[in-house]
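The sequence and structure come first.

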Amino acid sequence: MADLEALKKEAALRAVALVESGMCVGLGTGSTAKYAIEELGRKISSGELTGIIGVATSNASEQLAREVGVPVEEFDCQQFDVAIDGADEIAPNLDLIKGLGGALTREKLLELRAHRLVIIADHTKLVKRIGEKAPIPVEIVRFGVASTLERLRDLGAGGELRSRGGEHFVTDNGNLIFDARFARIDDASALARDLKLTAGVVETGLFLGMAERAFVATPEGVRELTRA
Ligand SMILES: O=C(CO)[C@H](O)[C@H](O)COP(=O)(O)O
């Protein structure tokens, strides 16, 4: 296992330690969230945890959860005791960029209903300022995509539509993703609002004021960060 993978798993285990029997748990998406789902499955199989209900933020996570024995329900209007998910950038105030895995819309819908959103990541995701490294994934509907891109460019966005294997990347919701890059983001809330108000935009990967804590694995151990 590569070092970074070991760190990601360490962070995931710390988050799953917060889960208690009978809880409704939001299951994140991505290579770090995968370790959390597997650990949850292990604890359920060993009888350490009972009465867990999981709700997944992507088809891939739902499939994995079923494979490892986590009972999964459809997303309706559950209140989640805890949601555990990865992130692409973590700012000092725990504002996040998410969605490089493509599940941002379902993640936001679900995680807005979580009493505790717990982020798990390795240290490479820490930034001083949001947008420093990662683009902001913006999910957009296919219809009228060229005009939506024009409007996004009017907001100052560089970047491009995400592709995979020469084709447009398509989300679980059947939409496209524009990975938006901005020269410098001084006011993330204003940008999130402007992006959301752009016709054709479904959701953005700016997760502001949502995370309660983050377990960030570093070579020196797991750091636990909490939102001030
Ligand atoms: O937001 C996400 C998926 O939409 C992921 O949580 C994010 O991309 C981090 O993934 P990984 O743990 O693989 O680095």
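How many nonpolar, polar and charged residues does the shell around the ligand have? In this predicted model, the shell has five nonpolar, nine polar and four charged residues.

**Ligand surroundings**
- There are 18 residues around the ligand.
- Those that come nearest are Gly30, Ser31, Thr32, Gly86 and Gly101.

**The six-stranded sheet**
- Six strands form an open sheet with mixed pairing, in the order E2-E1-E3-E6-E14-E15.
- The edges are held by strand E2 (53-56) and strand E15 (221-226); each has a single partner strand, so one side of each is left without a neighbour in the sheet.
- From one strand to the next, the twist averages 20°.
- Strand E1 (residues 24-27) and strand E3 (residues 82-85) run parallel and are joined by three bridges.
- Within this pair, Gly26 stands opposite Ala83 in E3.
- Helix H4 (residues 104-111) packs on the sheet, where it touches E1, E2, E3 and strand E6 (117-122).
- The direction of H4 makes about 155° with that of E3.

**Helix H3**
- Helix H3 spans residues 59-68, and its buried residues include Ser61, Glu62, Leu64 and Ala65.
- Why do these four count as one side of H3? They cover an arc of only 165° around the axis, which puts them on the same side of the helix.
- Gln63 and Glu67, on the other side of H3, are exposed.
- The cover over the buried residues of H3 includes E1, helix H2 (33-45) and E2.

**Strand E7 and its partners**
- Strand E7 (residues 136-140) is mostly covered, with five of its five residues buried.
- Ile136, Val138 and Ile140 point one way from E7, while Pro137 and Glu139 point the other way; all are buried.
- E7 runs antiparallel to strand E11 (residues 176-181), and five bridges join the two.
- Ile140 has Leu176 as its bridge partner in E11.
- E7 also pairs with strand E12 (residues 201-204), in the antiparallel sense and over three bridges.
- In that pairing, Val138 stands opposite Thr204 in E12.

Key:
Residues numbered from 1 in each chain as written. Predicted model: local features only at pLDDT ≥ 70, side-chain atom pairs only at ≥ 80, totals over all residues. Pairing = 2+ DSSP bridges. Axes fitted to C-alpha atoms, helices over the stretch in contact; angles between N-to-C directions. Contact = placed C-beta atoms within 7 Å. Buried ≥ 20, exposed ≤ 12 C-beta atoms within 10 Å, placed from the backbone. Arc of directions from axis to C-beta. Near = placed C-beta within 6 Å. Nonpolar A, V, L, I, M, F, W, Y, C, P; charged D, E, K, R; others polar.
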